[in-house]
Amino acid sequence: MEVRENRITIIDESDIETVLSRDIEFKGTLSFDRGLSIKGKFCGRINATGSLFIDETADVEADIFAGFVSVKGKVKGNIRALSRVEIFSRAQVEGDITAPDILMESGCRFDGKCSMKKPDGGEI
């Protein structure tokens, strides 16, 4: 994973520990401390210290707490990150975002409030 100042993070999928593929629909609570990519549907809660990558094919309805969050797909729910949230140009986010660093590409759809600070507490 390479982070450039004021740029979206470039990731190599081989660096991601776990992938929920496009054909998976999952409901519940996810906890992890390494990288996770969601490509399918997820509904529930995410409470993690690792990095979360939401693929362009993903449809996520969840309140999210993670170390780093990258969104290319759809998210309905609040996002809280310890380090950074990145919203790509084709992403759709409906919910509030709290993180010390927030980057949104032109063209993304965002409906919520942003708070640029480290989130309170260690979980949702």
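Visitor: Leaving aside neighbours within four places in sequence, which residues is Val60 in contact with?
Guide: With those neighbours set aside, Val60 is in contact with Ile38, Phe42, Ile54, Lys74, Val75 and Lys76, where contact means heavy atoms within 4.5 Å.

Visitor: Before we go on, what kind of model is this?
Guide: This is a predicted model, in which local features need pLDDT of at least 70 and side-chain atom pairs count only at pLDDT 80 or more, while totals for chains, interfaces and linings use all residues. Residues are numbered from 1 along each chain as its sequence is written, and side-chain values use heavy atoms, with hydrogens and water left out.

Visitor: How many helices and strands are there?
Guide: The protein has zero helices and 13 strands, both taken as DSSP runs numbered from the N terminus, with at least four residues (H or I) for a helix and at least two (E) for a strand.

Visitor: Back to Val60 and the core, which residues touch the most other members?
Guide: In the largest nonpolar core, which has 28 residues, those touching the most other members are Ile38, Leu52, Val60, Ile64, Val69, Val71 and Ile79. A nonpolar core here is a set of buried Ala, Val, Leu, Ile, Met, Phe, Trp, Tyr and Cys residues joined through side-chain atoms within 4.5 Å, and buried means under 20% relative accessible area, with exposed over 50% and partly exposed in between (1.4 Å probe, protein chains only).

Visitor: And which strand gives the most to this core?
Guide: Strand 6 does, with six residues, and the strands that each supply at least two residues are strand 3 (36-38), strand 4 (41-47), strand 5 (51-54), strand 6 (59-71) and strand 8 (79-87).

Visitor: How many bridges join strand 6 to strand 8?
Guide: Seven bridges join strand 6 to strand 8, and the two run parallel; strands count as paired if DSSP finds at least two bridges between them. Within this pairing, Ile64 has Ile79 of strand 8 as its bridge partner.

Visitor: What else does strand 8 pair with?
Guide: Strand 8 also runs parallel to strand 10, with two bridges, and Ile79 stands opposite Ile97 in strand 10. Three bridges join strand 8 to strand 11, again in parallel, and there the bridge partner of Ile87 is Met104 in strand 11.

Visitor: How many residues of strand 8 are buried?
Guide: Seven of the nine residues in strand 8 are buried, which leaves the strand mostly covered.

Visitor: Changing topic, how many salt bridges are there?
Guide: The structure holds two, a salt bridge being a side-chain nitrogen of Lys or Arg within 4 Å of a carboxyl oxygen of Asp or Glu. One joins the side chains of Glu86 and Arg84 at 2.9 Å, N to O, and the other joins those of Arg84 and Asp101 at 3.2 Å, N to O. Arg84 lies in strand 8 and Asp101 in the loop between strand 10 (97-98) and strand 11 (102-104), so this pair links distant parts of the chain, 17 residues apart. Together, Arg84, Glu86 and Asp101 are linked in a network of salt bridges.

Visitor: Are those residues buried or exposed?
Guide: Glu86 and Arg84 are both buried, Arg84 with a relative accessible area of 8%, whereas Asp101 is partly exposed at 29%.

Visitor: And what share of the protein counts as buried?
Guide: Of its 124 residues, 44% count as buried.
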